[in-house]
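Biologist: I would like to learn how to read disulfides in a model. Please go through them one at a time.

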Amino acid sequence: MMAALAMMVHLVFSQDGPDRSDSCLLDGSCSDAASALQVSSLQGPSDCDWALGNAGQSCEDVCDPKVCDPGQQQDLQGQALIDVMATLGVICGGNSDPQTAAEIPQVESDLAPLLNNGGNCEASKKPDSDSRCNLPSGTSRRLCCCVEQVLGVVNNDPHIHTLRGAHYTLLQSGNFLAWSFSKAPVDWRLLAAYSGVESRFTTQSLLLLEKQSGLTLQMTAEDCGWQMKTENGWREVQPQLLSHGAANLEVQEARKHTQDPLMLESVLVLQMQQPGVGSVNVARLLTHCGPKKHLNFKVKMYATKDLDYVGGELGGAPRSPHNQHHLSFLSAKLNSMVMQKDTEFQVLGTWASLGGSEVAEEFLKSKQQLGTALLSTETCTEAAEQEAETICAKHLPQDDHHAEVFVDCIYDVCHGGGEADALSAAAFISA
């Protein structure tokens, strides 16, 4: 239970909006400050759960529901490859004539590392092969590095969990570059409109753009349906495959009911065409949306090496302490919360000028308070905070893996979200 009253905090940011030198422009391009954050490297590779597939399987199939890490597959050479195979009960070369580290060949194959149909192990030859996750193995058996799915999440107030391990609560309302993926021949952009009243604002609209083909989709919290921009206006999309140039978009779910009866789920899979390979999955965009309320969204990358091409808020690495805001709460749980304004990702222009509809712009105008954020704990007394913790404990696990989500829930419930936010958080983490 909470031990003490949270101290009153009252933060007001300028209504003049962000400095243009560190913001994103109408075409989605960002300043040097934003770009530098977008290309930040991962702190370190995730631990592999090595698995040996059957003949004909791709590493995507072998690793499901985890994802394949081609970089660690490429790095597995010589004795390390022999040792991993041994843990899986396989002797490279066979019992009668086992291979030595010096005898493990490096091959120019996008399937390596692998066990060929002669029983010999082969390693990847960098940089001539890239160990593609989606390629079926033919007659050989692929050795796959399987890691936990890489997810970027934005939910409720809004709390942001990036693909690179940062976690913070956004202090600024407005339009932001939430995620981008720029790798020839595609250039995907996901814009988010965070807006609301007084100290509570949430995600109210998403705009998905593929800059090369012009493919444009939009969702608002008014009706929670994805709509596609056409020559004749906007039309709602149902489960289908949309192909525009080198970009494919598979609509897997549309307005499906979730375990939270107030939330509707939609799923989009973003793809790109690669010469000689065909369509390759890039990212999965899942939304939970409450009509007339707000929406939550998460992005899953299918290949960890593609993080090098990811930008926007969800591409951000943890920042140094001097670039973060910490609120002065007496509560031990809430005192750990990090706050950021993300001005380097704020996008200039109206929603319609960015590619959205006039109808959506009018919807956002009724909610948005651009350039202003007012954060206060005045409404959250000690008793209210204790009650919020009790409510969140009813619906959410409290283990280490969900610790950040649990703290976010306490904050949201205690600052106007009520039990509805706990319910939506529970439905969202299981999606």
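Biologist: Is Cys409 buried or exposed?

Modeller: Keep in mind that this is a predicted model. Buried means under 20% relative accessible area. Cys409 has a relative accessible area of 3%, so Cys409 is buried.

Biologist: What does Cys409 form with Cys392?

Modeller: A disulfide is a covalent bond between the sulfur atoms of two cysteines. Here the sulfur atoms of Cys392 and Cys409 are 2.1 Å apart and form such a link.

Biologist: How many disulfides does the structure hold?

Modeller: There are seven. One of them joins Cys48 to Cys145, with an S to S distance of 1.8 Å. This pair links distant parts of the chain, 97 residues apart: Cys48 sits in the loop between helix H1 (32–38) and strand E2 (49–52), and Cys145 in strand E7 (residues 141–147).

Biologist: Why is the disulfide of Cys48 and Cys145 called left-handed?

Modeller: The handedness is read from the torsion about the S-S bond, which is about -85 degrees for Cys48 and Cys145, so their disulfide is left-handed. Cys48 is partly exposed, at 24% relative accessibility, whereas Cys145 is buried at 0%.

Biologist: Which disulfide does Cys68 form?

Modeller: Cys68 pairs with Cys133, and their sulfur atoms are 2.2 Å apart. The link is left-handed, with -75 degrees about the S-S bond. Both Cys68 and Cys133 are buried.

Definitions and conventions
Residues numbered from 1 in each chain as written. Predicted model: local features only at pLDDT ≥ 70, side-chain atom pairs only at ≥ 80, totals over all residues. Heavy atoms only, no water. Disulfide = S-S within 2.5 Å. Helix = DSSP H or I, 4+ residues; strand = E, 2+ residues; numbered from the N terminus. Buried < 20%, exposed > 50% of the residue type's maximum accessible area, 1.4 Å probe, protein only.
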